[in-house]
Amino acid sequence: MEKGGFCISTMASSNIAILLTIGVITVLVIQIIYIINRSRKPLHSKSPRSLSTLIVLGSGGHTAEMLNLLYVLQTERFKPRYYIAAATDNMSLQKAHVFEDSLLGKEAPEEVGRAEYMQIYRSREVGQSYITSVGTTLVAIAHALWLMIKIRPQVILCNGPGTCIPLCVIAFLFKVFGIRWSSIFYVESIARVRKLSLSGLLLYKLHMADQLFVQWPQLKEKYPRAHYVGRLM
Amino acid sequence: MGDIDDIAKEKRVVFVTVGTTSFDALVRAVDTPEVKNELFKKGYTDILIQMGRGLYIPTKSTAENGSPALDYFTFSSSIADYLKSASLVISHAGSGSIFETLRLGKPLIVVVNEDLMDNHQSELAEELAERKHLYCARPQTLYKTISDMDPGSLVPYQPGDAKPVAELIYRYLGFPVD
């Protein structure tokens with residue numbers, strides 16, 4: 001009798017576990033579908049005062065394109081601003097400093113807002129072996145998560161290369177788990193004329209970018225959900 | 001003194017840049033008699049090479065019959081001044097130096113590095129060459145591009161504008177667009 005009862009209770013609890021798992025997965029799937037659908041439409045809230053913004057600087061040409069965008073944005077709408085660049089890239093944050101200094105030259109500090117500068121580990125350096133890159137990838141993901149928990153931005157601006165991917169994935173997961181809603185904007189590099197970069201393709205295919213901008217009409221034809229905006233350079 | 005001034009005025013420099021890494025195939029191509037000869041025929045007096053981390057060291061030389069003077073360095077914190085004083089720029093295909101050169105209105109030959117694994121860089125150079133903003137070459141065909149080129153026929157590049165992106169971002173986030 002007792003044995004039978006135990007059997008029934010374990011069966012019942014395993015049934016509950018299965019039901020719970022199915023329930024959680026269903027909720028997550030509905031949440032993801034909701035987020036993707038929500039991301040297609042503008043955020044129709046009343047004009048926000050200012051939004052905390054994460055700016056991922058890609059290095060070299062990528063950084064130059066991002067700065068061209070920052071120069072035309074009304075920065076009092078995007079504050080505070082958090083700049084992230086790869087730990088191996090020592091030029092990009094310097095350029096961000098120069099940009100922020102130029103703002104302070106033009107407007108009052110309270111209008112300009114606060115700026116912070118951070119570096120992030122890259123998952124794989126050029127030429128690194130695949131075995132060691134498993135370890136460095138884990139470190140990079142943990143570091144990205146730590147930074148994202150600290151920043152919890154409302155807006156993310158990025159334009160490749162791969163540095164922005166872990167940050168965007170974490171931002172998307174924050175949306176799924178209701179931790180933070182951030183709008184992700186990705187500008188594909190001007191160097192991409194016929195095909196999206198791997199980062200761009202991932203964000204496009206997985207519906208992770210709220211808006212994805214391309215600088216050449218050929219790309220808009222190939223990826224209809226992208227927005228063609230003309231050249232930034 | 002007068003003579004030196006005259007020579008200085010007539011200096012026409014070709015600036016060659018490989019960017020932050022190395023591009024030995026380009027440096028080697030510029031160092032060939034064919035390329036130097038074509039440059040000389042087009043009236044260029046000096047070649048200055050930014051060779052990056054490359055292993056191939058070109059031969060320094062002064063101007064002599066049929067060949068411009070040649071000099072090189074590895075890196076510089078800013079190549080802006082070199083670009084400004086150049087009469088012709090021969091560059092790797094990185095978007096940074098391409099647009100910096102185009103904005104200065106300098107004639108530009110972009111040489112595509114065929115040894116790169118993911119060679120998406122040729123996309124940009126070829127697109128801009130089709131629009132006649134620059135010439136696109138490979139290391140082996142550089143001398144031919146120089147001999148065929150007519151810098152006067154290049155179309156000046158109109159710098160792009162980031163405002164359309166900014167407007168879409170504003171609209172999406174609910175900021176007024178003015």
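This is a predicted model: local features need pLDDT of at least 70, side-chain atom pairs count only at pLDDT 80 or more; totals for chains, interfaces and linings use all residues.
A pocket, as the word is used on this tour, is an open set of grid points with protein on both sides within 12 Å along at least five of seven lines.

**First stop: the second largest pocket**

Select Ser39(A), Arg40(A), Ala209(A), Asp210(A) and Arg225(A), which, of the 15 residues in the lining of the second largest pocket, are the closest to its centre. The volume of this pocket is about 230 Å³. Colouring chain A by secondary structure next will show that helix 1, helix 7 (198-205) and strand 6 each supply at least two residues of the lining, and that helix 1 gives the most, with three residues.

**Second stop: the contact between chain A and chain B**

Now display both chains and select the residues in contact, of which 40 come from chain A and 32 from chain B. Between them the two chains bury about 3,200 Å², with 62% of that area on carbon and sulfur atoms. On the chain A side, pick out Arg77(A), Arg231(A) and Met233(A), the residues that lose the most area to chain B, together accounting for 19% of what that side buries.

Which side chains meet in a salt bridge here? Zoom in on Glu126(B) and Arg194(A), whose side chains form a salt bridge with an N to O distance of 2.8 Å; the rule finds one salt bridge across this interface. Widening the selection to polar contacts brings in 13 residue pairs across the interface, counted with both residues at pLDDT 80 or more.

To see which elements of chain A take part, select helix 1 (2-40), helix 2 (60-72), strand 4 (155-158), strand 5 (183-187) and strand 6 (211-214), each of which supplies at least two residues of the side that touches chain B. Helix 2 of chain A gives the most to that side, with five residues. Coloured by class, the side of chain A that touches chain B has 20 nonpolar residues, alongside ten polar and ten charged ones.

**Last stop: the cavity**

Finally, select Leu70(A), Leu73(A), Thr75(A), Phe78(A), Arg81(A) and Leu157(A), the residues lining the largest cavity. The structure holds one cavity of 30 Å³ or more, and the volume of the largest cavity is about 30 Å³. Its lining is made up, by class, of four nonpolar residues, one polar and one charged.

Definitions and conventions:
Residues are numbered from 1 along each chain as its sequence is written. Chains are lettered from A and ligands numbered from 1 in the order in which they are written. Side-chain values use heavy atoms; hydrogens and water are left out. On a 1 Å grid over the protein atoms alone, a cavity is a set of points where a 1.4 Å probe fits but cannot get out, and a pocket is an open set with protein on both sides within 12 Å along at least five of seven lines; lining residues have an atom within 4 Å of a point. Grid points are joined across faces, edges and corners, and a volume is the space filled by probe spheres set on the points. Ala, Val, Leu, Ile, Met, Phe, Trp, Tyr, Cys and Pro count as nonpolar, Asp, Glu, Lys and Arg as charged, and the others, Gly among them, as polar. Contact means heavy atoms within 4.5 Å. Buried area is the accessible area (1.4 Å probe) that two parts lose on being put together, summed over both. A salt bridge is a side-chain nitrogen of Lys or Arg within 4 Å of a carboxyl oxygen of Asp or Glu. A polar contact is a pair of N or O atoms within 3.5 Å; within protein, one must be able to donate a hydrogen and the other to accept it, and residues adjacent in sequence count only if both atoms are side-chain atoms. Helices (H or I, at least four residues) and strands (E, at least two) are DSSP runs, numbered from the N terminus.
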